[in-house]
Amino acid sequence: MKNRMWMVVTALGLAMSLVGCKSDCRTACEKKQECMSSGMDVAQCTTRCEQKAKEDKDFASQAQECSQCAKSRTCSETLKQCWDDCLTVVGI
């Protein structure tokens with residue numbers, strides 16, 4: 001019985017952590033849509049970004065920096081403070 005309980009708790013914890021995770025590219029693309037291009041296709045932007053990130057480690061690092069910078073900021077803060085990190089990632 002204890003083993004079942006641990007398995008259930010572990011499975012729920014893993015599921016919750018995976019569901020809440022967004023890729024850095026998705027976060028960056030969603031912020032661009034929110035702040036600059038309301039009609040932009042976030043899925044297409046994310047796919048393009050993730051493909052490039054797989055091929056280029058520097059780009060992947062920039063996407064991560066952009067995401068970390070932008071995710072908790074307003075649009076005006078993002079444009080002022082994250083310009084360098086996000087410019088090449090989503091073409092702000």
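1. The torsion about the S-S bond of C66 and C86 is about 100°, so this disulfide (a pair of cysteine sulfur atoms within 2.5 Å) is right-handed. C66 sits in helix α4 (residues 57–70) and C86 in helix α6 (residues 83–90), 20 residues apart, and the pair links distant parts of the chain. Helices here are DSSP runs of H or I, at least four residues, numbered from the N terminus. The two sulfur atoms are 2.0 Å apart. C66 is buried at 1% relative accessible area, and C86 is also buried at 1%; buried means under 20%, exposed over 50% and partly exposed in between, with a 1.4 Å probe and protein chains only.

2. The model is predicted: local features need pLDDT of at least 70 and side-chain atom pairs pLDDT 80 or more, while totals for chains, interfaces and linings use all residues. Residues are numbered from 1 along each chain as its sequence is written, and side-chain values use heavy atoms, without hydrogens and water.

3. C25 and C49 form a disulfide with sulfur atoms 2.1 Å apart. Its S-S torsion is about -65°, so it is left-handed. Because C25 lies in helix α2 (residues 24–35) and C49 in helix α3 (residues 42–55), the bond ties together parts 24 residues apart in sequence.

4. C35 and C75 are also joined, at 2.1 Å between sulfur atoms. The torsion of about -85° makes this disulfide left-handed. C35 is partly exposed at 23%, and C75 is partly exposed at 22%.

5. The count comes to five disulfides. Counting bonded cysteines along the chain, the pattern is 1-5, 2-4, 3-8, 6-10, 7-9.

Methods:
Helix = DSSP H or I, 4+ residues; strand = E, 2+ residues; numbered from the N terminus.
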